[in-house]
Amino acid sequence: MTTPSRVEPRGSRLAAEDRLPAERVALVDLLDRLLAGGVVLSGDIVLSIADIDLVRISLRAVIMSVRSEP
Amino acid sequence: MTGEHGVYLYAVTRGAPRLCLDDLTGVASRPVRVIEEGELTAYVSDVPLTEFGEEPLRRSMEDLAWLEETARAHHRIVEAVARSAPTAPVRLVTVYHDDAQVRELLRERHSDFLTVLARVADRREWGVKAYAVQVPAQPAAPEPETGPGTSPGRAYLQRRRTALRGREEMWRTAAAQAEKLHDALTGIAAASTRHRVQDPKLSGREEPMVLNGAYLVDSAREREFAALARDMTDLEVEITGPWAPYSFTALPGEAAHDDSVAR
């Protein structure tokens with residue numbers, strides 16, 4: 001049997017179940033945790049997390065990168 | 001150092017470090033060192049404020065390449081530390097001005113950190129994502145009205161309606177199954193929380209995600225937990241982890257993470 005997935009153009013492969021490179025998918029799971037989890041500290045830190053909407057920023061960044069892929 | 005460097009904080013553990021720091025490369029390719037205060041150890045890197053100051057950070061956080069590199073470096077250190085001892089990971093890009101401030105933090109929140117570290121000891125975080133299974137297009141159910149007398153337009157609309165009903169039904173069923181799965185997993189876990197479901201653009205899957213749960217599980221119950229996650233429903237399930245307990249580090253007095261259930 002041939003392995004069609006190797007010769008199919010990238011577009012159709014991306015349309016299949018692994019639309020995103022594994023690395024990128026893992027990044028999404030990682031950002032779920034790094035931007036919504038972890039001990040939140042305030043006080044003397046350089047940048048107060050509360051000042052920026054990290055989740056919005058990360059989602060926008062990831063979506064932009066997905067769209068810009070060929 | 002003030003004005004030039006900041007102290008980037010990755011994680012806090014109890015007791016002296018039990019891993020070799022020489023092999024670790026942190027954010028901005030910086031080495032990792034520790035600050036010990038009382039019973040606590042903080043893992044930190046000295047980072048340039050030209051990159052980690054308030055204004056540069058606001059810009060860099062919108063730069064995906066920078067964000068990814070920093071997130072992966074942060075994660076790498078937290079993972080290494082978590083393999084060596086119960087660990088409280090700190091939120092991404094928490095930067096102090098100097099060691100004295102970190103020491104003060106460790107003194108002030110000493111008992112809070114000990115509480116968190118006791119909660120996560122001998123437990124690991126697992127992610128469970130569940131997707132509504134794509135039901136193959138229903139073979140057109142017998143439609144009595146689609147006789148020779150039915151116009152093509154009418155027949156089309158009827159098929160559309162049936163398909164839409166099928167989708168809605170599938171979605172409702174999947175959502176209900178996801179609730180049950182989450183409840184059952186929560187029953188096994190020491191604590192649980194739900195992250196927002198990922199958009200298909202981010203999940204990389206066409207099927208809608210119906211559950212993006214995080215569970216803090218006793219080491220002794222991991223097998224039971226995974227079996228339940230895999231077999232309990234018809235949903236397509238992805239298990240991620242083990243993770244350092246990122247989702248279970250709310251300090252006492254801090255607002256808990258979204259609808260987290262700690263027991």
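## Helix H6 of chain B

In this predicted model, the buried residues of H6(B) are Ala174(B), Ala178(B), Leu181(B), His182(B) and Leu185(B). An α-helix has 3.6 residues a turn, so residues three or four places apart point the same way. The partners against which the buried residues of H6(B) pack are strands S6 (123-131), S7 and S8, together with helix H8 (222-231), each belonging to chain B.

The helix itself covers residues 152-188 of chain B, and because each residue should contribute 1.5 Å, its 37 residues should span 54 Å, a figure with which the 54 Å between its end C-alpha atoms agrees.

S7(B) pairs in the antiparallel sense with strand S8 (residues 209-218) of chain B, and the pairing extends over 4 bridges; within S8(B), Gly213(B) is the bridge partner of Arg194(B).

## The two chains overall

Chain B contains 8 helices and 10 strands, and of its 263 residues 37% are buried. When contacts in chain B between residues at least 6 apart in sequence are considered, 78% of them join residues at least 24 apart.

Chain A, for its part, has 4 helices and 0 strands, its elements running α-α-α-α from the N terminus on, and buried residues account for 29% of its 70 residues.

How values were computed: Residues numbered from 1 in each chain as written. Chains lettered and ligands numbered in written order. Predicted model: local features only at pLDDT ≥ 70, side-chain atom pairs only at ≥ 80, totals over all residues. Helix = DSSP H or I, 4+ residues; strand = E, 2+ residues; numbered from the N terminus. Buried ≥ 20, exposed ≤ 12 C-beta atoms within 10 Å, placed from the backbone. Contact = placed C-beta atoms within 7 Å. Pairing = 2+ DSSP bridges. Expected span 1.5 Å × (residues − 1).
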